[in-house]
Amino acid sequence: MPVLSCEGLHLSYGSTLALRGVDLRVGAGESVAVVGSSGSGKSTLLHCFAGLRVPDRGEVRVGGVLLSSLSDRRRSRLRLERMGVVFQFGELLPELTMEENVGLPLWVTGLSRSAVAERVGEVLDDFGIVHLADSYPGEVSGGEKQRAAVARALVHDPPIVLADEPTGSLDSVNADRVMSALVDRSCRYGQALVLVTHEMRFAELCDRRLTILDGEIALPRLRP
Ligand SMILES: Nc1ncnc2c1ncn2[C@@H]1O[C@H](COP(=O)(O)OP(=O)(O)OP(=O)(O)O)[C@@H](O)[C@H]1O
Ligand SMILES: [Mg+2]
């Protein structure tokens with residue numbers, strides 16, 4: 001059974017058809033790169049997977065459970081516990097420090113304060129931002145915020161990671177660091193990864209690559 005799947009997803013914003021019948025199945029330990037031009041529907045697809053947007057038609061299942069069968073509260077809980085989501089524009093909470101932002105998914109796990117601090121310290125260190133633990137998002141660079149957003153998505157070792165352009169604001173050294181953390185974890189710990197990227201070299205690290213074209217998954221071109 002796939003860890004994450006969708007079938008027949010349609011979604012429009014007014015007269016704009018953002019998704020026009022997307023089917024996708026992602027297994028445990030599988031990494032899937034989603035590429036496609038700007039406005040083709042990549043972020044919308046990720047938001048549907050995360051249960052943050054309700055499709056007009058079609059369904060999303062997480063671990064076999066239909067998202068549409070859950071209340072808003074249960075859907076949020078499932079997202080917090082089972083998913084790590086890196087949004088295209090970071091979206092850290094400005095009133096929390098970097099350390100508090102990264103630790104958010106651990107607050108509901110029942111871990112002790114010291115265990116949370118230890119785990120958060122490890123991931124901040126992994127991404128080279130441990131010295132910014134007490135800073136607020138408004139006081140750090142875009143790339144540092146982006147690394148914190150990736151750290152937050154991985155801190156609780158979720159079975160599903162959805163990452164929307166997680167290297168868009170990073171220099172090549174940090175982009176490589178973030179990508180190897182994402183892809184290594186998928187291989188090593190069986191996390192399902194859906195990665196939206198414009199960079200072919202990162203898409204090629206994934207097990208599969210899909211192109212979205214005007215809200216549909218483009219069929220692979222046949223070789224002549
Ligand atoms: N909140 C919104 N309201 C209205 N239209 C929207 C909204 N969000 C996205 N769209 C439209 O839906 C389509 C798909 O947008 P989406 O953000 O999914 O594209 P994308 O592939 O992620 O693009 P990019 O590579 O630029 O991030 C676009 O035509 C976009 O203008
Ligand atoms: Mg996008």
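I began with strand β1, which pairs with strand β4 (residues 57-62) in the antiparallel sense over five bridges. Within this pairing I found L4 opposite V62 in β4. I note here that the structure is a predicted model.

I then looked up the other partner recorded for β1. Strand β1 (residues 4-13) is joined to strand β2 (residues 16-26) by eight bridges, and the two run antiparallel. Y13 stands opposite T16 in β2. I asked how many residues lie between β1 and β2 in their hairpin. There are two residues between them, and G14 in the turn has a positive phi of about 60 degrees.

Next I turned to ligand 1. I counted 14 residues around ligand 1, and the closest are S38, G39, K42, T44 and Q88. I asked which element gives the most to this shell. Helix α1 does, with three residues; β2 and α1 each supply at least two. By class, the shell has two nonpolar, ten polar and two charged residues.

I looked up individual polar contacts of ligand 1. A polar side-chain atom of S38 lies 2.6 Å from an oxygen atom of the ligand. For T44, an N or O atom in the side chain is 2.6 Å from an oxygen atom of ligand 1. At G39 a polar backbone atom takes part, 2.8 Å from an oxygen atom of ligand 1. On its own ligand 1 has 640 Å² of accessible area, of which the protein covers 63%.

I then examined the largest pocket, which holds about 290 Å³ of space. Its lining has 14 residues, and the closest to the pocket centre are R79, L80, V85, F87 and R152. I noted that α2 (72-82), β6 (83-86) and α5 (142-154) each supply at least two residues of this lining. The lining comprises eight nonpolar, three polar and three charged residues.

How many have a volume of 30 Å³ or more? The count is one. The largest cavity holds about 40 Å³. I listed its lining as L46, H47, A50, V85, V86, F87 and D164. Of these residues, five are nonpolar, one is polar and one is charged. Helix α1 (42-49) and strand β6 each supply at least two residues of the cavity lining.

I close with two cross-references. V85 and F87 are among the residues closest to the centre of the largest pocket, and V85 and F87 also line the largest cavity. Helix α1 contributes to the cavity lining and to the shell around ligand 1.

Technical notes: Residues are numbered from 1 along each chain as its sequence is written. Chains are lettered from A and ligands numbered from 1 in the order in which they are written. This is a predicted model: local features need pLDDT of at least 70, side-chain atom pairs count only at pLDDT 80 or more; totals for chains, interfaces and linings use all residues. Side-chain values use heavy atoms; hydrogens and water are left out. On a 1 Å grid over the protein atoms alone, a cavity is a set of points where a 1.4 Å probe fits but cannot get out, and a pocket is an open set with protein on both sides within 12 Å along at least five of seven lines; lining residues have an atom within 4 Å of a point. Grid points are joined across faces, edges and corners, and a volume is the space filled by probe spheres set on the points. Helices (H or I, at least four residues) and strands (E, at least two) are DSSP runs, numbered from the N terminus. Ala, Val, Leu, Ile, Met, Phe, Trp, Tyr, Cys and Pro count as nonpolar, Asp, Glu, Lys and Arg as charged, and the others, Gly among them, as polar. Two strands pair if DSSP finds at least two bridges between them. A residue is near a molecule or strand if one of its heavy atoms lies within 4 Å of it. A polar contact is a pair of N or O atoms within 3.5 Å; within protein, one must be able to donate a hydrogen and the other to accept it, and residues adjacent in sequence count only if both atoms are side-chain atoms. Accessible areas come from the Shrake-Rupley method with a 1.4 Å probe; for residues, only the protein chains shown count as cover.
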